[in-house]
Amino acid sequence: MDEPAGLRERKKERTRNLIAQEALRLFRAQGFDEVSVVEVAAAAEVSKATLFRYFPTKEDLVLHRFADHLGEAARVVRERPAGLTPTAALRDHFLAGLADRNPITGLNDHPEILSFQDLIYRTPSLRIGMRQRYTSQDIDALADALPPGSGDAPPIVRRLAAAHLIAVQQELGQENWRAITSGRTADEEYDDAVAAAEGAYGQLMTGLDAV
């Protein structure tokens, strides 16, 4: 008899999670470039073909974790309270993330989170992959969510604005990670992280010529 659809989906999800967990365990222990896809498949007790059905590329074994945040900036802008500018909404969202120690802000010193961030930031192919796969999509989504602006400004203006806003979030996150890896705790870095975020988003609000 055929398995119920719900059971099949749960089995697929378990297999997917197992592959991702084994991949991350091996990458953390040996380094991303030193571990082959065949080794990951063997550790998860699946075939290489099965692994690629769940994760089309080696980088996807790590970068799939960012999928939940894809389009987040656009959502924040679309759902912002009346009277709040897009930049202010994104600033407030980032500051709330800092207060919550959201890993996406880089201000999190939990060993598991820090190990994952170390893997990303210290592996060039993962850094490049993250920007190519997710940054461009985030910029596109945010550009569509931004108000058209005044006059007959071409669409490139909104895309450039979106690129600046996404870059600020990413650079702040990476800078917070650097501070944590230098030996500071998240609590020790919090005030500096808030000041940096307020300054960076404030710069976009007032204009880059004010640098």
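Predicted model: local features only at pLDDT ≥ 70, side-chain atom pairs only at ≥ 80, totals over all residues.

Me: How are helix α6 and helix α10 oriented to each other?
Reply: The axes of α6 (residues 86–99) and α10 (residues 186–206) come within 10 Å and cross at roughly 170°. Angles over 145 degrees count as roughly antiparallel. The two helices, α6 and α10, are therefore roughly antiparallel.

Me: How many residues of the contact of α6 with α10 are nonpolar?
Reply: On the α6 side, the contact is made by T87, A88, L90, R91, F94, L95, L98 and A99. They meet Y190, A193, V194, A197, E198, Y201, L204 and M205 in α10. One residue of this contact is polar and two are charged, and the nonpolar ones number 13.

Me: Which helices do the buried residues of α6 pack against?
Reply: The buried residues of α6 are P86, T87, A88, A89, L90, F94, L95, G97 and L98. Their packing partners are α5 (72–78), α8 (124–145), α9 (155–181) and α10.

Me: What does α6 reach from its first C-alpha to its last?
Reply: Helix α6 has 14 residues, and at 1.5 Å a residue a span of 20 Å is expected. The span in the model is close to that, at 20 Å.

Me: Which residues does V40 touch, not counting residues up to four places away in sequence?
Reply: V40 belongs to the largest nonpolar core, which has 53 residues. F27, V40, I120 and L142 have the most contacts inside that core. Beyond its sequence neighbours, V40 touches I19, A23, L26, F27, V35, L51 and L61.

Note on methods
Residues numbered from 1 in each chain as written. Heavy atoms only, no water. Axes fitted to C-alpha atoms, helices over the stretch in contact; angles between N-to-C directions. Helix = DSSP H or I, 4+ residues; strand = E, 2+ residues; numbered from the N terminus. Parallel < 35°, antiparallel > 145°, perpendicular 65-115°, else oblique. Contact = heavy atoms within 4.5 Å. Nonpolar A, V, L, I, M, F, W, Y, C, P; charged D, E, K, R; others polar. Expected span 1.5 Å × (residues − 1). Buried < 20%, exposed > 50% of the residue type's maximum accessible area, 1.4 Å probe, protein only. Core = buried A, V, L, I, M, F, W, Y, C linked by side-chain atoms within 4.5 Å.
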